[in-house]
Amino acid sequence: MPVLPVFSPRNQSAPPPPTPPLRPGKDEGDGAVVVERQTQKTEPPRLYQVLLLNDDFTPMEFVVMVLQEFFRHDLDTATQIMLKIHHEGRGVCGVFTKDVAATKVELVLAASRRAGHPLQCIMEAA
């Protein structure tokens, strides 16, 4: 009769667990289906430009304030964009995802209506 090692505090390693016997002629993976994982390719979201349109009634100072408050432009950048709107009829305030762009358009339109100005703000695909 073989002698098995006894687990004791002096002998810190336990004996390895017995391995189940292999059935002859049988692989361990019989009946299992292996599906390869396919990597998903996600496209980045489409971007939209938010534009301000020129009119003859909205004060330039209000346009600069809108650019600073809603689009976080500094005074110099906001002034350059305002002058572009004034001379070319429209100017890009920023490029955003669809939801963010739509929200910014609504915020600008609401602010211009509250102030009594006819400022137009639109979004279009970039």
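Predicted model: local features only at pLDDT ≥ 70, side-chain atom pairs only at ≥ 80, totals over all residues.
Local features need pLDDT of at least 70 and side-chain atom pairs count only at pLDDT 80 or more, whereas totals for chains, interfaces and linings use all residues. Residues are numbered from 1 along each chain as its sequence is written, and side-chain values use heavy atoms, with hydrogens and water left out.

With a salt bridge taken as a side-chain nitrogen of Lys or Arg within 4 Å of a carboxyl oxygen of Asp or Glu, the count comes to 2 salt bridges. One of them joins the side chains of E88 and K84, at 3.0 Å from N to O; these residues are 4 apart in helix α2 (residues 75-88) and are thus separated by about one helical turn. Helices (H or I, at least four residues) and strands (E, at least two) are DSSP runs, numbered from the N terminus. E88 is exposed, with a relative accessible area of 57%, while K84 is partly exposed at 39% (buried means under 20%, exposed over 50%, and partly exposed in between, with a 1.4 Å probe and protein chains only).

The side chains of E124 and R90 also meet in a salt bridge, at 2.7 Å from N to O. E124 lies in strand β3 (residues 120-125) and R90 in strand β2 (residues 90-97), so the pair ties together parts that are 34 residues apart in sequence. Both are partly exposed, E124 at 30% relative accessible area and R90 at 35%.

L47, in strand β1 (residues 47-53), is partly exposed at 40% relative accessible area.
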